[in-house]
There are 2 protein chains.
Amino acid sequence: MRKVNIGIIGFGNVGSGTAKILLSRKSFLAQKIGVEINIKKVCDKDITSKRNVSLDKSILTRDASAILNDPQIDIVVELMGGVHPAKEFILEALKKGKNVVTANKALLSECAQQLFREANDRGRNIYFEASVGAGIPIIKSLREGLVANKFNAIFGIVNGTCNYILSQMSATHCSFSQALNEAKAKGFAESNPTLDIDGLDAAHKLILLTYLAFGKLVTLKDVFVEGISHISSADVNYAQELGYQIKLLAIAKKESDELEVRVHPTFLPNNHLLSSVGGVFNAIYVSSDLAGDLMFYGPGAGQLSAASAVVSDIVDLTQDIKAGLFRPTLNSVEDTLLKRVRKIDEFESRYYIRFSALDKPGVLAKISGILAKFGISIASVTQKEKQKTQIVPIVMLIHETKEKDLHQALSIIDRLAEIKEKSVAIRVEV
Amino acid sequence: MRKVNIGIIGFGNVGSGTAKILLSRKSFLAQKIGVEINIKKVCDKDITSKRNVSLDKSILTRDASAILNDPQIDIVVELMGGVHPAKEFILEALKKGKNVVTANKALLSECAQQLFREANDRGRNIYFEASVGAGIPIIKSLREGLVANKFNAIFGIVNGTCNYILSQMSATHCSFSQALNEAKAKGFAESNPTLDIDGLDAAHKLILLTYLAFGKLVTLKDVFVEGISHISSADVNYAQELGYQIKLLAIAKKESDELEVRVHPTFLPNNHLLSSVGGVFNAIYVSSDLAGDLMFYGPGAGQLSAASAVVSDIVDLTQDIKAGLFRPTLNSVEDTLLKRVRKIDEFESRYYIRFSALDKPGVLAKISGILAKFGISIASVTQKEKQKTQIVPIVMLIHETKEKDLHQALSIIDRLAEIKEKSVAIRVEV
């Protein structure tokens, strides 16, 4: 049986999970694919700590070049994370004629152009199924299963930490910081959760999804990103009263001949399937022109879940290697109808808005007058009874409006003497 | 650019959709895959009716052998449906060294063993993505994306007609026959809907899913099949009151070292994601040991949706052909821990039961006494006020119990003088 040698760089959580699967499922996989996958070397700066897989000590190394320079290694699996030196390692592996598997969304979202070009020039491939939605085969589905489709939109819940926090806030009516602390205690949030709660991790993943669906490799600058740390329990509760859930959505959406690429908390109606995606789960909702509206759901993180995706990439590469054929990673065809990526000011959205006003006659008239001046049309309004404080929450849903108009209107409203806190505005989708 | 010739047998709904996509996306696909897909011949007994795609008349034929005997045709796409002569055409195509794409679940569920063996012996492939869930890439996901996984269970809503009927009954409280008529009027049910509402279509699809997940090619005899035509609006309404939806589920489930393969109406709790799958949509919920619990959702039917899957199979085969490499279709590895397929009598289920009793003292005591004799334990019971008739509905949820015990108990209960109608029993899952 043909043997394919792999080298793993990064022996942390996903790296050791990958090794574990490759060892424990060795003959199972060999029977399926007709290839024996052999872990030839594993590199990490820490090669002494105990992992939940036992490898022969002789294959452990602290020196990545022992993998990159080994002519018998066919596939380099980069699971160290971070941009440097992961990027240099991958480039070197490609130069040496190796194929690459990575789960590194931060790196890919920053350097995909360079890495994919290098792979293409060398006739090699970079696979990255684990970089979005862990074990959910969303990348393979977009690239292969839906190969004939053009896409209208992608809506993704792609950050489990944020989804856990928002789900908890919705279920227990707790505050953002309580939910965050709970997430940390349960291991669903890093001790420094900034990358997650600020929406940046979701933005990295969205860049990859956008590339696969629209053939456009946008940069982080093109993506509007808003996190969830300003979401209050009041807003979560009003959302429920109005029949909505708040979700952090990663959205790539065709609007006539332009593309919108954005990550932000979003009011989603309860009857939308994405609203039912709770806890740390991820789901990617895809609107395609032939196969229709599809959703792919599963755990968005986890050692074995991510490693399951890494192994599926390795398996695909073994078949490519056996055949001497590489499907080019650059096989996304740009949708030439898309002229440009929209700027945030040009987005049009429906909105939920919460004003914090003093309980005085005429406040609502003033607010709605200012909105009207900017052509903003109110879909529904609820004025709540005042709380212990003198502040009355006024909750509105407004019809589709230009971001620019709304922000101008809100900045005027927020300067009114009767408005006691900055107004909250959350986009409404679907 | 390498050209791959295909021949389509069956120029009906999906066949003409496939031709339409291949023509309209010809250069789009060629850019992606580096292969030009050429429709060389299309066979149907009717080659004169107008379709929504215009093909050169010279490629239309009434004679399948014009495709099967054409040495330039690399891929035969069988979309005629039915067992004969589709089976003979596929066997002949394989004998002639061609690869095959089919959407024919009825044929595959009956003859997969023979067809797959023939393909394997000839070093050729049969792909069948469109046979389950139309455009949802569930087969590719099970086979490739989740290649390293073993599976605990699959729960599928795989028949759009039944799901539409049950969703309508739930939304509008109409009767089964009203919902069925509506489904027919909207084109969601065939004029003879037996194959769908009796659960047979779902069983065909379940056989394929079971094969992919567990490596076991069961036959229709191994599958317990119960349709939905006996579901009453009363049961749908009680389900709602209890916090459940009734769905026709196709289930393949490992229970220690045995496999249960069954299709039946099922009470699913509202908080299960499958409960939110409404209308004609399909969803396959997969419980895997590495990637965790996943769900794949989308339209379960439709010309372009099914054709999208057919084209993805064709594309995969073009890559195989280019490389001269065939991933064997028989790559499912049997789960050797599975000793046998369980018989229906051995299943254990929780159950919803509705008794129709006379409003007399002591009825509930008699019923619960008989249940207790068979070791059946009641989880909850609600006795409803009697309707205009003298009949009182008694609604129970019971704990896990052997099918055999329950049926014996019910047959005794149904002979009681106080029981006026056959009791209704519906399995509860998850």
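A residue counts as buried if 20 or more other C-beta atoms lie within 10 Å of its own, as exposed if 12 or fewer do, and as partly exposed in between. The exercises below concern a predicted model.

**Exercise 1.** Classify A:His173 as buried, exposed or partly exposed, and state where the residue lies.

Solution. 
- Step 1: A:His173 sits in the loop between helix 7 (160-172) and helix 8 (176-185) of chain A.
- Step 2: A:His173 has 13 other C-beta atoms within 10 Å, so the residue is partly exposed.
- Step 3: For the backbone, phi of A:His173 is positive, about 60°, although the residue is not a glycine.
- Step 4: In chain B, B:His173 has a positive phi near 60° and lies in the loop between helix 7 (160-172) and helix 8 (176-185) of that chain. B:His173 is partly exposed because 13 other C-beta atoms are within 10 Å.

**Exercise 2.** Describe the peptide bond that joins A:His84 and A:Pro85, and place A:Pro85 in the chain.

Solution. 
- Step 1: Omega is about 0° between A:His84 and A:Pro85, and the bond is cis.
- Step 2: A:Pro85 belongs to the loop between strand 4 (73-78) and helix 4 (86-95) of chain A.
- Step 3: Chain B has a cis bond from B:His84 to B:Pro85, with omega near 0°. B:Pro85 is in the loop between strand 4 (73-78) and helix 4 (86-95) of chain B.

**Exercise 3.** Determine how helix 13 and helix 14 of chain A pack, and which residues meet.

Solution. 
- Step 1: The axes of helix 13 (residues 363-373) and helix 14 (residues 403-413) of chain A are 9 Å apart, at an angle of about 150°.
- Step 2: Angles over 145 degrees count as roughly antiparallel, so helix 13 of chain A is roughly antiparallel to helix 14 of chain A.
- Step 3: The crossing of helix 13 and helix 14 of chain A is right-handed.
- Step 4: From helix 13 of chain A, A:Ile367, A:Ile370 and A:Leu371 meet A:Ala409, A:Ile412 and A:Ile413 of helix 14. The contact has 6 nonpolar residues, no polar and no charged.

How values were computed:
Residues are numbered from 1 along each chain as its sequence is written. Chains are lettered from A and ligands numbered from 1 in the order in which they are written. This is a predicted model: local features need pLDDT of at least 70, side-chain atom pairs count only at pLDDT 80 or more; totals for chains, interfaces and linings use all residues. Axes are lines fitted to C-alpha atoms, for helices over the stretch in contact, and angles run from 0 to 180 degrees between N-to-C directions. Helices (H or I, at least four residues) and strands (E, at least two) are DSSP runs, numbered from the N terminus. Angles under 35 degrees count as roughly parallel, over 145 as roughly antiparallel, 65 to 115 as roughly perpendicular and the rest as oblique. A crossing is left-handed if the near helix is turned anticlockwise from the far one by less than a right angle, and right-handed if clockwise. Two residues are in contact if their C-beta atoms, placed from the backbone, lie within 7 Å. Ala, Val, Leu, Ile, Met, Phe, Trp, Tyr, Cys and Pro count as nonpolar, Asp, Glu, Lys and Arg as charged, and the others, Gly among them, as polar.
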